Every structure is written in C-alpha cells, then in structure tokens.
Amino acid sequence: MDVNWEAVARYDIITRNLQSWIDKKIQDIFGEPEESLVDFVCAKLRERTAPAALEEELVAVLDSDCGVFVVKLWRLLIFTIRQRELTG
C-alpha cells in the first residue's frame, strides 16, 4: 500500500500521532527512554523511508523486536492517514 506522504505532512502525523507511540514502544523494549532513537525513527519517516529499509536500519538496535515494531508502526501510519483523510 502506498503512503500518502502529502497527508502525512499536511496533518503533521509524525509529530502529532506517531512520535509518542514510537517513544512508548521504544521504552517498552529498552525499559527507559531513548530519545535519540525516537528522533532517528521520526527522521526516517520524514525522509519517506520504506518499511523494509527502516527495518534494515533498526534491526541491529531492536533485534528480534524490529519486525513487529515496523509492522505496527506502518499499520498505525496507514490507519492515521486514512482517519485524517476521512475526518479532516
């Protein structure tokens, strides 16, 4: 499924919807905040990095949690875009 990156930018989805989720999931994995990793993931999303490429970049850090993290992140991204497109 293609990501509507224009909607991501228009509705500021990364900052308003995904950043706090990313922060929580990373804290769940590491047991403590990892602000630089959250910033890295958000930056990769802003660069429109494909999920497979994002997974490749994160696997060394997230190890076995990486695949599930990226899939859930992408689901949330797509869901949020659709929701914003419907509700404005």
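**Close-up 1. Valine 38 is buried, with a relative accessible area of 4%.** Here, buried means under 20% relative accessible area, exposed means over 50%, and partly exposed is in between, with a 1.4 Å probe and protein chains only. This is a predicted model, in which local features need pLDDT of at least 70 and side-chain atom pairs count only at pLDDT 80 or more, while totals for chains, interfaces and linings use all residues. Residues are numbered from 1 along each chain as its sequence is written, and side-chain values use heavy atoms, with hydrogens and water left out. You will find valine 38 in helix α3; helices (H or I, at least four residues) and strands (E, at least two) are DSSP runs, numbered from the N terminus. Not counting residues up to four places away in sequence, valine 38 touches Gln19, Ile22 and Asp23, where contact means heavy atoms within 4.5 Å. From valine 38 to threonine 87, which is 49 residues apart in sequence, the C-alpha to C-alpha separation is 27 Å.

**Close-up 2. Helix α2 (residues 13–30) and helix α3 (residues 35–46) cross at roughly 140 degrees.** Two packed helices are described by the angle between their axes and the distance between the axes. For this pair, the axes come within 9 Å. Axes are lines fitted to C-alpha atoms, for helices over the stretch in contact, and angles run from 0 to 180 degrees between N-to-C directions. α2 and α3 are therefore oblique to each other; angles under 35 degrees count as roughly parallel, over 145 as roughly antiparallel, 65 to 115 as roughly perpendicular and the rest as oblique. On the α2 side, look for Ile14, Thr15, Leu18, Gln19, Ile22, Asp23, Ile26 and Phe30, and on the α3 side for Leu37, Val38, Asp39, Val41, Cys42, Leu45 and Arg46. Sorted by class, this contact has 10 nonpolar, 2 polar and 3 charged residues. Ala, Val, Leu, Ile, Met, Phe, Trp, Tyr, Cys and Pro count as nonpolar, Asp, Glu, Lys and Arg as charged, and the others, Gly among them, as polar.

**Close-up 3. α2 also packs with α5, at an angle of about 155 degrees.** The axes of α2 and α5 are 11 Å apart. That angle makes α2 roughly antiparallel to α5. α2 passes α5 in a right-handed crossing. From α2 come Ile13, Arg16, Asn17, Leu18, Trp21, Ile22, Lys25 and Ile26, which meet Phe69, Lys72, Leu73, Leu76, Leu77, Thr80, Ile81 and Arg84 of α5. The contact of α2 with α5 divides into 10 nonpolar, 2 polar and 4 charged residues.

**Close-up 4. Helix α4 (residues 51–62) packs with helix α5 (residues 66–87).** Their axes are 9 Å apart, at an angle of about 140 degrees. α4 and α5 are therefore oblique to each other, and α4 passes α5 in a right-handed crossing. Pro51, Leu54, Glu55, Leu58, Val59 and Leu62 of α4 meet Cys66, Gly67, Phe69, Val70, Leu73 and Trp74 of α5. Among the residues of this contact, 10 are nonpolar, 1 is polar and 1 is charged.

**Close-up 5. Threonine 49 sits in the loop between α3 and α4.** With 11% relative accessibility, threonine 49 counts as buried. A polar atom of the threonine 49 side chain lies 2.9 Å from the backbone oxygen of lysine 44. Leaving out residues up to four places away in sequence, threonine 49 touches Lys44, Leu54 and Trp74.

Close-up 6. Tyrosine 11 is buried, at a relative accessible area of 16%. Apart from neighbours within four places in sequence, tyrosine 11 is in contact with Arg16, Arg84, Glu85 and Gly88. The C-alpha atoms of tyrosine 11 and glycine 88 are separated by 8.4 Å, although the two residues are 77 residues apart along the chain. Aspartate 12 is partly exposed, with a relative accessible area of 34%. Its phi is near 50 degrees, a positive value in a residue other than glycine.

**Close-up 7. Aspartate 63 lies in the loop between α4 and α5.** Most residues other than glycine have a negative phi. Aspartate 63 has a positive phi, near 55 degrees. Aspartate 63 is exposed, with a relative accessible area of 56%.

How values were computed:
A crossing is left-handed if the near helix is turned anticlockwise from the far one by less than a right angle, and right-handed if clockwise. A polar contact is a pair of N or O atoms within 3.5 Å; within protein, one must be able to donate a hydrogen and the other to accept it, and residues adjacent in sequence count only if both atoms are side-chain atoms.
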